[in-house]
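Hi,

Here is the structure I promised to pass on. Have a look at it first, and my notes follow below.

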Amino acid sequence: MLGGVSELILGIETSCDETAAAVVENGHVVRSNVVHSQIALHARWRGVVPEVASRSHTERILPIVEQALADAGVTPAELTAVAVTHRPGMVGCLLVGLAAAKALAWRFGLPLLGVDHVQAHVHTGLLADPDMPLPALALVASGGHTAMYLLQAPGETTRLGTTRDDAAGEALDKGASLLGLPYPGGPSIERAARTGDRRAFDLPRTLLGPDSLDFSFSGLKTALLYTLRPQGAPEPADPPTGQQLADLAASYQEALVDVLIQKLRRAAARHPVQSLCIGGGVARNLRLRERLAGDDQLGALRLVLPDLSLCADNGAMIASLGAVALRQGRVSPLDLDAVATPLAGGKAKVRP
Ligand code: KG4
Ligand code: ZN
C-alpha cells in the first residue's frame, strides 16, 4: 500500500496451454482471475502441441487481458505494474505473454516484472494465506514439474528435491492414456477412481532409498502397463472398463499420492517448517488433499491448500509473485527474454 492507494498488479501467464490474466491487489487480494484453457484443442494428441498452443495464445491474449481488467474494474492506467511469466515454458508460448506485457508496460509507463512460473506455484501458499508462518514446506506438482521447496521468505526458496524422470501430472496423464481415459489424466483418473478400491492392485511406491527427497514416477507407469498387459501377453484389444477400470484408477492414484505424502513427511521431519502448502495442477487432487489433512505428522503443520482455481496455471499467482519482485526492487528491462528452463536448482532466489 502506497500512501493509501492500493497496489494493483496485472499478471499474465502463457507458458503452456492456459491463456490467463488476473489483477491482484496488494499481493494477495484476487480482484479478477481469467483463464482460457486449451485442453479441448490438444485433447486428441493427449499432450500440448507447442505451435498450436502459441497460435491460440495469440488469438486469446488481448480479450483475456481486457476481461481481467474489466472484471477487476480497473483501467490499464490505474495499474501499478505488469507481471508476466518469462520462464520456464515453451518459448513460442512465453513470447506471446511477454509481448502483451511489454506493450502495456511501455504504453502506460508501468514497471515490467518477469516471473518464474515454478516459483509462482511455490508461492501460491502466500497468495492464499498471506499470514502463513514461514519457513514453509511447499510441494509443486504439475504436468511439467514436481519438486519440494523450503520457502524461507517471500522470494527466497531452496529446492529440497525434484523428480528424476516423470512429473506427477505427467505420470497421471500417461497412466490415463494407458487406461483409455481422456487427457488431462489427473482429473480423469480422479473421476474414475471415485468408485474404485485403492488396494485392488499392488502398484509400486518408488522412494529412491531411505534418505532421498527426490521423486521417480516412471516405474509406476511401467507397472501399470504390465498390469494391463503382462510381459509376453498379446496386446489387449480394449482398455479396461467398469469396476476393473475404477480399481486400476484408484490404485494408481493412491500409489502416486502415497509417494508425495511420504516424501513430504521426510522433508518435514528434516526441516523445521511451520507450514505446508501445495501448488500446481496435481494439487487440485481431492485424494491428495484428504490424505494431507488426515496425516498425523503433516496435519500438525499449518496446512495451506489453496482454492483449486489458484493451483492450476493462472495469472493471479504471477501477479502475486510480481508484487514480491516489485517490493524488492527487481524490475525487469523491456528486452526481458523468454527462457525455456526453470531457475537453477539449489538456492533459487526469485529473480526476473
Ligand atoms: O500446473 P498445471 O495446470 O500445468 C503445468 O504447469 O503443467 O498442471 C497440469 C497437470 C496435468 O498433468 C493434469 O493431469 C494435472 O495437473 N491435474 C490433476 C488434477 N487436475 C489437473 N492431477 C490430479 N488431480 C487433479 N484433479
Ligand atoms: Zn504450472
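**E25 and its surroundings**

The side chains of E25 and S6 are in polar contact at 2.8 Å (a pair of N or O atoms within 3.5 Å; within protein, one must be able to donate a hydrogen and the other to accept it, and residues adjacent in sequence count only if both atoms are side-chain atoms). E25 sits in strand 2, residues 18-25 (helices, H or I with at least four residues, and strands, E with at least two, are DSSP runs numbered from the N terminus). With a relative accessible area of 15%, E25 is buried (buried means under 20% relative accessible area, exposed over 50%, partly exposed in between, with a 1.4 Å probe and protein chains only). Leaving out residues up to four places away in sequence, E25 touches S6, E7, L8 and R31 (contact means heavy atoms within 4.5 Å).

Some ground rules: this is a predicted model, where local features need pLDDT of at least 70 and side-chain atom pairs count only at pLDDT 80 or more, while totals for chains, interfaces and linings use all residues. Residues are numbered from 1 along each chain as its sequence is written, chains are lettered from A and ligands numbered from 1 in the order in which they are written, and side-chain values use heavy atoms, with hydrogens and water left out.

**Salt bridges**

The count comes to 15 salt bridges (a side-chain nitrogen of Lys or Arg within 4 Å of a carboxyl oxygen of Asp or Glu). One of them joins E51 to R55, with the closest N and O atoms 3.8 Å apart. These two are four residues apart in helix 2 (residues 50-72), so about one helical turn separates E51 and R55. R55 counts as exposed, at 52% relative accessibility.

K221 and D166 also pair up, at 2.9 Å from N to O. That pair links distant parts of the chain, 55 residues apart: K221 is in helix 8 (residues 218-228), and D166 is in the loop between strand 8 (156-162) and helix 6 (168-179). K221 is buried at 19% relative accessible area, and D166 is buried at 6%.

Then there is E254 with R287, 2.8 Å from N to O. E254 belongs to helix 9 and R287 to helix 10, so this bridge ties together parts that are 33 residues apart in sequence.

**Helix 10**

R287 is among the buried residues of helix 10 (residues 286-294), along with L288, R289, R291 and L292. Their cover includes helix 7 (185-193), helix 9 (242-270) and strand 9 (275-279). At the start of helix 10, a side-chain oxygen of N285 comes within 3.1 Å of the backbone nitrogen of R287.

**The two domains**

The chain divides into domain 1 (8-124 + 310-349) and domain 2 (133-306), with bounds from an automatic or database domain assignment. The contact takes 24 residues from domain 1 and 28 residues from domain 2. Between them, the domains bury about 2100 Å², 63% of it on carbon and sulfur atoms (the accessible area, 1.4 Å probe, that two parts lose on being put together, summed over both). On the domain 1 side, R46, V122 and C311 lose the most area to domain 2, together 31% of what that side buries. Across this interface, the rule finds zero salt bridges but five residue pairs in polar contact, both at pLDDT 80 or more.

Cheers
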